[in-house]
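Please open the model in your viewer and keep the selection panel at hand. The stops below are meant to be taken in order.

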Amino acid sequence: MTWIRQKLAAYGNRIACHETGKAWSYAEFIELIDHAATQVPSKGAAVIEVQKATTIEGLAMLLAIGETGHIALPLPAELTDAEQNKRRLVAKSSQLYNQLEGSGLVLFSSGTSGDPKGMLHNLDALLGRYKNLSARKDRSLLLLLIDHIGGLDSAFRCLFSGSTLVIPETRSPEAAGLAIASHQVNVLPASPSFLNLMLLSGTAHEHDLSTVEIIAYGAEAMPQKVLNRLAKAFPKAQLQQKFGTSETGAIRIKSIGNESLFFRIDDPDTQWKIVEEELWLKTPSRVLGYLNAVEDGLETDGWYRTGDLVETDEHNNLKIIGRASAVINVGGQKV
């Protein structure tokens, strides 16, 4: 994955991240990756925990693991000890690791029973989807953790384009508003629930959020009323729906309009179809399988049955209307 080093090195002294009162340049980010590489074994394939004091150090460790052919297991400090131990136990060993060519990544999502469902990604394939990103100079807020596919997508999309990540002190509307105003953030990726909290708490009135140009929402269904209120509260911002699953990674889509929940899939690496109202996806970054669950939804020919029910309009645009099961997704967690 020499392309990663080349991309990052090209951005030199640009600011890669603002976190904990410090500005990290891309040159310093590469130094973090180099330091992280000294902390992983040089031979064999091992499950390496990613547990760092800062998000930017966690991302550096994850990329170092990707270079050395090991398997990354993100364990953010925000998880309880019980949650961390449960993930360690699931990821300890698996026959699935024998199918892995290159480096791996273990992510978790909640199953319908509430138990964590461990999934094995080919990290090389997941990272490869960001190889051809064009250079930009955005400043993007990062709210989701790096053990979540949405958090990883936001971070990689930012860093591999030479933009700047802004990590708030806490994941609260007040801290988000302060970070946006302090660092003139222009891209705000967040769940509808979090955006609704920002509206209800009056964050936009307490802080200058006028620099926000793009609000990217996803990880759960967006209520039409909240979308309308966002459009009114941020009249100059473009509202972009995002879509992806833990099993496939993020999928490039394009919203039809600021106040429309319809979108079209605009991803050259993704095939899609609708089977009995359910959206099916096929991507090169689909998980290899589950570590501790039956492969429900993973078809042998590469398709993934998302469980999302959709409707289409006259132009074949899509709109998610619910789940095939009684389970719903709130803030990226199934309940």
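The tour goes from cysteines to a helix, then to aromatic rings and charges.

This is a predicted model, in which local features need pLDDT of at least 70 and side-chain atom pairs count only at pLDDT 80 or more, while totals for chains, interfaces and linings use all residues. Residues are numbered from 1 along each chain as its sequence is written, and side-chain values use heavy atoms, with hydrogens and water left out.

Begin with the cysteines: a search of the whole structure finds zero disulfides, a disulfide being a pair of cysteine sulfur atoms within 2.5 Å. Select Cys-17, whose nearest cysteine sulfur, that of Cys-158, is 8.4 Å away. Cys-17 is buried at a relative accessible area of 0%, and Cys-158 is buried at 3%, where buried means under 20% relative accessible area, exposed over 50% and partly exposed in between, with a 1.4 Å probe and protein chains only.

Next, select helix 6 (residues 149–159), which is largely enclosed by the rest of the structure because ten of its eleven residues are buried, among them Phe-156 and Cys-158. Helices (H or I, at least four residues) and strands (E, at least two) are DSSP runs, numbered from the N terminus.

Now show Trp-3, Tyr-130, Phe-156 and Phe-160, which form one aromatic cluster. Tyr-130 counts as buried at 6% relative accessibility, as does Phe-160 at 0%.

Finally, select Lys-117, which lies over the face of Tyr-290 at 4.8 Å from the ring centre, and then Lys-273, over the face of Trp-303 at 4.4 Å; a charge sits over a ring if NZ of Lys or CZ of Arg is within 6 Å of the ring centre and within 35 degrees of the ring normal.

Methods
Rings of Phe, Tyr and Trp (its six-membered ring) pair if their centres lie within 6.5 Å; planes under 30 degrees apart count as stacked, over 60 as edge-to-face and the rest as tilted.
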